[in-house]
Amino acid sequence: MPSSYSEEGFLSPKAPFDFSKSLDFLRDFPPMRDDQKIDELSLTRAVCIGGQTVVFNVRSTGTIKSPRLKYTLKSDRPLTPGVRDAVVDRIGFFLSLSDNLEQFYRIGYGDVDFAPALQRLYGLHQVKFLTPFESACWAVLSQRYPAAAAQRTKQAITEKFGTGLEINGQRYVAFPEPYSLAYVKEGDLDALVRNQRKTQFLIGVAKAFAEKDERFLRTAKYNEVEKWLSEIQGIGEWSSKLILLRGLGRMEKIAVEKRLLRAASKIYGRGRTLTQNVLDQMAEKYGPWKGYWAYYLRTAAMKS
C-alpha cells in the first residue's frame, strides 16, 4: 500500500560528525547491505514500531563541524507523537549521533600507529545494528557460519516475517520486532534457517527480547546486561559482547575475534600477527573508548 502520511524534522549530531563516513560503512557492512537504499548523502530504510512500518530518509544538510541531518518519515498510517518520537530516537541511536568523541580522539592522536587511521575516519560515529534485537539475531546466525550465508538467511527472515512499505515504487522491509518472531511456527522459521538448533535459539532470543525493556539494555550496568544476555540460550560470551557493542553502543569491552586481530595487526603488527593478550593490553589505554578503538580498527581494515 502506498504511503500517505509524512513528517519532517532535523537532528543535530554531536560534532565532529561526517555522515558520508556512516554511509561508507553501511555500504561495506554485509549484515545490513540489502536493508537500505543509499544515495550520495542520504539513507532510506524501514523500521517497525509497535506493528507500524515507518520508512525514514536521513539526509545531511550540515558540515562535519556543524552537522545537521534532515529526516523524513513516511507511513501508511498516521504518525502519532509516540511513534514519531520512537522512530527519531531509533535513528539517533542507530547512527550514534549523541556520541562525544573528544576524549577518544585525544587518546588516539597520541597513538602514533593509530593516528593515521583516525585522521582518515575523522567524524565517523559508530553505526549500530538498527535494533539490539537485530544484532542478537545476527550473533546467532553468524556463529560458525560464513557471513555471506548468514546475511542471506537474515534477509530471508526479513522478507518472510518482517513488514514492508512501498515508497516511490521501491519496497522497504523492516526486520521483524521480537514479538513477531517469538511465536512463529518453528518449522516455518527452520525452512529458512535450515539448522534446528539455531532456529530454536532465534525463537528463544525473540522471546527474551520481547519481554525486556530496551531502556534497561541501554542504561543498566554493563555487567547486568551482559549477565542477562548470557542467560539466553545460544548467546555466549562473544555474542554478548557483540550485542553490547554493535547493538547497544556499550564501548567498555571489545569482542576479540580473528577479523579484529587481523585489523590490529595491519596497523600495529609491522608484519606480525598480534595475539589476543597483546591486543587486550593495547586496548586498555583507551579505557571506556576501547570499543570505539576496535570499531575504527576494523573499519580502517575494510578500507585498505
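In which sense do strand β2 and β3 pair, and over how many bridges? In this predicted model, strand β2 (residues 36–38) and β3 pair in the antiparallel sense, over three bridges. Two strands are said to pair if DSSP finds at least two bridges between them. Helices (H or I, at least four residues) and strands (E, at least two) are DSSP runs, numbered from the N terminus. Residues are numbered from 1 along each chain as its sequence is written, and side-chain values use heavy atoms, with hydrogens and water left out. Because the model is predicted, local features need pLDDT of at least 70 and side-chain atom pairs count only at pLDDT 80 or more, whereas totals for chains, interfaces and linings use all residues.

The surroundings of β3 (42–49) were examined on both sides. Three residues lie between β2 and β3, which form a hairpin, and I38 has L43 of β3 as its bridge partner. β3 is also joined to strand β4 (residues 52–60) by eight bridges, and these two strands run antiparallel. Within this pairing, V47 stands opposite V54 in β4. β3 and β4 form a hairpin as well, with two residues between them, and G50 in the turn has a positive phi of about 60°.

In a regular strand the side chains alternate between the two faces of the sheet. In β3, S42, T44, A46 and C48 point one way, while L43, R45, V47 and I49 point the other way, and all are buried. Buried means under 20% relative accessible area, exposed means over 50%, and partly exposed lies in between (1.4 Å probe, protein chains only). Since eight of the eight residues of β3 are buried, the strand is largely enclosed by the rest of the structure.

Rolling a probe the size of a water molecule over the atoms shows where empty space is left. On a 1 Å grid over the protein atoms alone, a pocket is an open set of points where a 1.4 Å probe fits, with protein on both sides within 12 Å along at least five of seven lines; lining residues have an atom within 4 Å of a point. Grid points are joined across faces, edges and corners, and a volume is the space filled by probe spheres set on the points.

The largest pocket has a volume of about 760 Å³. Its lining comprises 30 residues, of which W238, L242, E257, R259 and R298 lie nearest its centre. Two or more lining residues come from each of α1 (19–28), α12 (237–247), α13 (258–268) and α15 (290–303), and α15 gives the most, with seven residues.

The second largest pocket holds about 470 Å³ of space. Of the 27 residues that line this pocket, R90, T131, E177, P178 and E214 are the closest to its centre. β3 gives the most to this lining, with five residues.

Several backbone features were also identified. Most residues other than glycine have a negative phi, and most peptide bonds are trans. The peptide bond from A15 to P16 is cis, with omega near -5°, and P16 lies in the loop between β1 (5–11) and α1. S96, in the loop between α2 and α3 (102–109), has a positive phi near 50°; at 1% relative accessibility, S96 counts as buried. N168 has a positive phi of about 50° although it is not a glycine. N168 lies in the loop between β6 (163–167) and β7 and, at 75% relative accessibility, counts as exposed.
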